[in-house]
Amino acid sequence: GSGIVVRADGRVLTCRHVLGGAEEASVRLRDGREFVARKVAEDAATDLALLAFDANGLDIVTLGDEASVEVGETVLAVGAPFGLPWSVSAGILSAKGRRNVVSGNAAALLQTDAPLNPGSSGGPLLNLNGEVVGIVNAILTRSGGDQGLGFAVPSSEIRRVLPHLLGGRS
């Protein structure tokens, strides 16, 4: 799975299902450093989870606004599909407000045709300004791989849930 650094002191947002019930996870940064992170909190309704490890001065993501991206505009997905870290794929924002496509997820999801595969979950969906407009959390597939139907928790949901996660409340 993948994640995004949301605080310079080592707070990483990912998908709850990426952890699979684990209380700890290994985090590898782009510069090669590795940390053992503990789960701080999770939100089942949005499939988001927060990890924490001790660090200083990490670069953090910029949360954008999914409302600024129109259906049909280009988006980028960054993740670790099939264990290949820091892979970038491009596509378009295919739809907004998709409900009931991911079991147990109450958020109105963004849909993209950017190639997403196992390992992409938790990674950012970016606009062309490099701002996070969503967190990749699902693919709809019959083969187990990309079929052009990927989904992301929108940044508005991230903004709503993140303060609770940072406070350690699930």
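## Basis of the description

This is a predicted model, in which local features need pLDDT of at least 70 and side-chain atom pairs count only at pLDDT 80 or more, whereas totals for chains, interfaces and linings use all residues. Residues are numbered from 1 along each chain as its sequence is written, and side-chain values use heavy atoms, with hydrogens and water left out.

## Overall architecture

The protein has two helices and 11 strands, where helices (H or I, at least four residues) and strands (E, at least two) are DSSP runs numbered from the N terminus. Along the sequence these elements follow the pattern β-β-α-β-β-β-β-β-β-β-β-β-α. The radius of gyration is 15 Å, close to the 15 Å that the globule rule gives for 170 residues, so the protein is as compact as a globular protein of that length; this radius is taken over C-alpha atoms, and the globule rule is 2.2 Å times the number of residues to the power 0.38.

Taken along the principal axes, the C-alpha atoms fill a box of roughly 40 × 30 × 30 Å. Of the 170 residues, 46% count as buried, a term that means under 20% relative accessible area, with exposed meaning over 50% and partly exposed lying in between (1.4 Å probe, protein chains only). Among contacts (heavy atoms within 4.5 Å) between residues at least 6 apart in sequence, 58% join residues at least 24 apart.

## The open sheet and the setting of Asp-43

Five strands form an open sheet in the order β1-β2-β5-β4-β3, with antiparallel pairing; two strands count as paired if DSSP finds at least two bridges between them. The edge strands, each pairing on one side only, are β1 (4-7) and β3 (24-28). On average, neighbouring strands of this sheet are turned by 40° against each other, direction ignored, where axes are lines fitted to C-alpha atoms, for helices over the stretch in contact, and angles run from 0 to 180 degrees between N-to-C directions.

Asp-43 is found in strand β4 (residues 34-43), and, not counting residues up to four places away in sequence, Asp-43 touches Arg-16, Leu-48, Val-161 and Leu-165. Strand β4 pairs with strand β5 (residues 48-52) in the antiparallel sense over five bridges, and the bridge partner of Ala-41 in β5 is Leu-50. Helix α2 (residues 155-166) packs on this sheet, touching β1, β2 (11-15), β4 and β5, and the direction of the helix makes about 40° with that of β5.

## Salt bridges

Side chains of opposite charge can pair when their charged atoms come close. By the rule given above, the count comes to eight salt bridges. One of them joins Lys-39 and Glu-23 (3.2 Å, N to O), and this pair links distant parts of the chain, with Lys-39 in strand β4 and Glu-23 in the loop between α1 (16-19) and β3, 16 residues apart. Lys-39 counts as buried at 16% relative accessibility, and a network of salt bridges links Arg-16, Glu-23, Lys-39 and Glu-42.

The side chains of Arg-11 and Asp-9 also meet in a salt bridge (3.8 Å, N to O); Arg-11 counts as buried at 17% relative accessibility, while Asp-9 is partly exposed, at 26%. In the salt bridge between Arg-33 and Asp-31, the closest N and O atoms are 2.9 Å apart; Arg-33 is partly exposed, with a relative accessible area of 39%, and Asp-31 is exposed, at 52%.

Six strands close into a barrel in the order β6-β7-β8-β11-β10-β9, with antiparallel pairing, and neighbouring strands are turned by 45° against each other on average, direction ignored. Strand β6 (residues 74-79) and strand β9 (residues 124-126) pair in the antiparallel sense over two bridges, and Leu-76 stands opposite Leu-126 in β9. Helix α2 packs on this sheet as well, touching β10 and β11 (150-154), and the direction of α2 makes about 45° with that of β11.

Ala-138 has its place in strand β10 (residues 132-139) and is buried, with a relative accessible area of 10%. Leaving aside neighbours within four places in sequence, Ala-138 is in contact with Val-102, Leu-116, Ser-121, Leu-149, Gly-150 and Phe-151.

Technical notes: Salt bridge = Lys/Arg side-chain N within 4 Å of Asp/Glu carboxyl O.
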